Amino acid sequence: MGSFALASALLLSACGGGSGDDTGETSAEGDSSGIVTVSSGEPQNPLTPGMTNEVYGGLVVKNIYEGLVSYDAEGAVHNEVAESIESDDNKTWTITIKDGWEFSDGTPVTASSFVDSWKYIANIENAQNQQYFFNGFKGYDPEKPSDIAVEVVDDHTFTAELSVPSSDFELWLGYSAFYPMPEAFFEDPEAFADEPIGNGPYEIESWEHDQQISLRPSDSYAGERTPANGGIDMIAYTEEDAAYNDLLSDNLDIITNVPASAFGTFEDDLGDRAVNQPAAVIQVVNVPEWVEEFQGEAGVKRRKAISMAIDRPTITETIYQGARTPAHDFTSPVIDGYSEDIPGSEILEYNADEAKKLWDEAQSESPIADDYTLLIASNADSDHQTWVDAVCNNIRQVLEIGCEFDPYTTFDEFLDARDNQEIKGIFRGGWQADWPSMSNFLGPIYGTGAGSNDMKYSSKAFDAKLDEAAAAESPEDATALYKEAQEILFQDVPGIPLWYQNATAGYSQAVENVQFGWDSDPILYQVTKSE
């Protein structure tokens with residue numbers, strides 16, 4: 001679900017209120033067999049690990065399937081179907097799965113359930129939306145039929161070989177692309193799409209398209225995420241304001257996204273039942289390498305000057321009512337290893353005097369026109385002009401240059417201009433993590449030739465640091481190296497981090513033990529509700 005050009009934000013994260021914890025234990029007294037209602041929408045694609053890559057379907061998929069590992073509310077990894085995940089070199093891995101797991105149709109979860117699923121999704125012939133997430137496997141090819149290096153050893157054991165070592169391979173495995181599928185899928189994928197069969201804590205009881213998906217506890221579930229409620233009804237809303245009004249009147253239990261119209265009031269409206277926490281989502285403006293004024297040493301000074309001219313605390317408070325958090329790095333506060341004191345990160349602090357000094361130095365070294373106007377490009381079919389105008393107001397006042405919003409009518413038009421290197425200034429970007437790792441915020445975006453490196457940045461030093469981190473002997477060693485990689489980004493400034501997107505959500509008086517996880521979703525299995 002990671003994307004470096006989010007059109008809008010329906011993505012939430014972090015912990016929020018309630019009286020439970022992330023283990024599934026609850027403190028509610030009495031009956032907890034009530035059906036919990038959750039704001040949602042119609043999934044875009046079939047509810048399978050290979051096809052679902054958007055938030056509505058994603059929340060269903062993560063509750064009807066179970067992976068080798070799961071993430072708790074803070075993003076820590078816990079074994080689920082996996083008994084062990086081992087490697088001597090971080091490149092060739094042996095995965096052993098637990099005995100006793102079944103799909104909701106009663107068929108066993110075996111090593112083949114994972115191997116067959118992964119090979120199917122990774123093969124371009126099958127046109128799966130999640131194919132990209134297997135690009136780290138040996139044998140993967142994004143352009144022609146391929147067979148990744150994943151092999152069955154026995155019913156409970158299989159191996160996976162990566163193209164390069166990765167110390168955070170285990171972190172990948174809780175993401176939906178790596179879930180298993182039963183034999184029924186491969187026998188008839190089309191029929192399976194209407195009646196998906198998973199191995200998770202819930203199974204689908206009914207799916208009334210464009211209205212509601214009803215999930216009920218699965219009798220065959222063998223994991224730790226045992227439902228503490230009688231089921232979940234995912235209600236399809238077409239207007240966020242309608243969902244919020246239903247929440248206020250206790251006709252809805254959980255809203256997964258507070259509408260912008262309520263940013264200024266929802267915390268007062270809901271009190272302790274309001275959720276407003278940093279999420280694994282970052283918004284930036286990217287600096288294209290093809291724009292002449294940002295090239296060379298003078299160009300780097302201009303990049304840093306622009307960053308230091310932006311008053312992030314004031315913008316996030318006045319425009320977003322605190323629903324965004326000023327950025328301090330290139331990752332996210334909910335990711336292990338996050339730091340606010342990486343050398344070079346001072347360029348993210350508002351410093352008008354230093355910003356003007358750097359801009360003037362750049363002008364003396366490599367002059368550009370006195371009437372220069374900085375353009376900030378984005379799509380105009382989503383609410384971006386407000387913050388762009390605020391950023392431009394800062395830049396005009398501090399740097400004493402022109403600055404304007406460069407709008408593209410539609411999201412597609414904006415992406416085409418970006419990909420064709422037609423943008424003449426800097427441009428908006430956003431990223432939501434696919435798994436809780438610093439690497440997922442760095443390599444896919446800033447690595448040379450990476451799929452989401454839309455600014456065409458290339459640094460041999462940065463690439464080498466990523467490789468060094470991937471081959472690190474421990475997550476702790478990798479984290480230190482990823483911080484060093486960020487130091488290089490702060491020197492080169494291929495992108496200017498703006499703010500982290502917060503979880504803005506809430507729940508009714510009828511439910512307890514409500515939390516929102518690092519990945520933006522409510523942790524539904526632990527929610528309790530009396531009938």
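I take two strands to pair if DSSP finds at least two bridges between them. I take helices (H or I, at least four residues) and strands (E, at least two) as DSSP runs, numbered from the N terminus.

**Entry 1: basis.** I worked on a predicted model, in which local features need pLDDT of at least 70, side-chain atom pairs count only at pLDDT 80 or more, and totals for chains, interfaces and linings use all residues. Residues are numbered from 1 along each chain as its sequence is written, and side-chain values use heavy atoms, with hydrogens and water left out.

**Entry 2: strand β16.** Which strands are joined to β16 by bridges? I found that β12 (residues 274-286) runs antiparallel to β16 and is joined to it by six bridges. Within this pairing, V284 has G429 as its bridge partner. I then looked up β14 (residues 373-379), which runs parallel to β16 with two bridges. Here A377 stands opposite F427. I also noted that β16 covers residues 426-432 and that seven of its seven residues are buried. Buried means under 20% relative accessible area, exposed over 50%, and partly exposed in between (1.4 Å probe, protein chains only).

**Entry 3: a tryptophan.** I located W93 in strand β5 (residues 92-97). Is W93 buried or exposed? W93 counts as buried because its relative accessibility is 3%.

Entry 4: Most residues other than glycine have a negative phi. A127 counts as exposed because its relative accessibility is 56%.

**Entry 5: negative patch.** I found a patch of negative charge on the surface, with E102, D105, D116, E183 and D188 among its residues. Such a patch is made of residues with over 30% relative accessible area and no salt bridge, with like charges joined within 9 Å. A salt bridge is a side-chain nitrogen of Lys or Arg within 4 Å of a carboxyl oxygen of Asp or Glu. Helices α4 (183-187) and α5 (189-194) each supply at least two residues of the patch. D188 lies in the loop between α4 and α5 and is partly exposed, because its relative accessible area is 37%.

Key
Patches are made of residues with over 30% relative accessible area and no salt bridge: like charges are joined within 9 Å, nonpolar side chains (Val, Leu, Ile, Met, Phe, Trp, Tyr) within 5 Å. Accessible areas come from the Shrake-Rupley method with a 1.4 Å probe; for residues, only the protein chains shown count as cover. Lys and Arg count as positive and Asp and Glu as negative; His and the chain ends are not counted. The place of a charge is taken as NZ of Lys, CZ of Arg, CG of Asp or CD of Glu.
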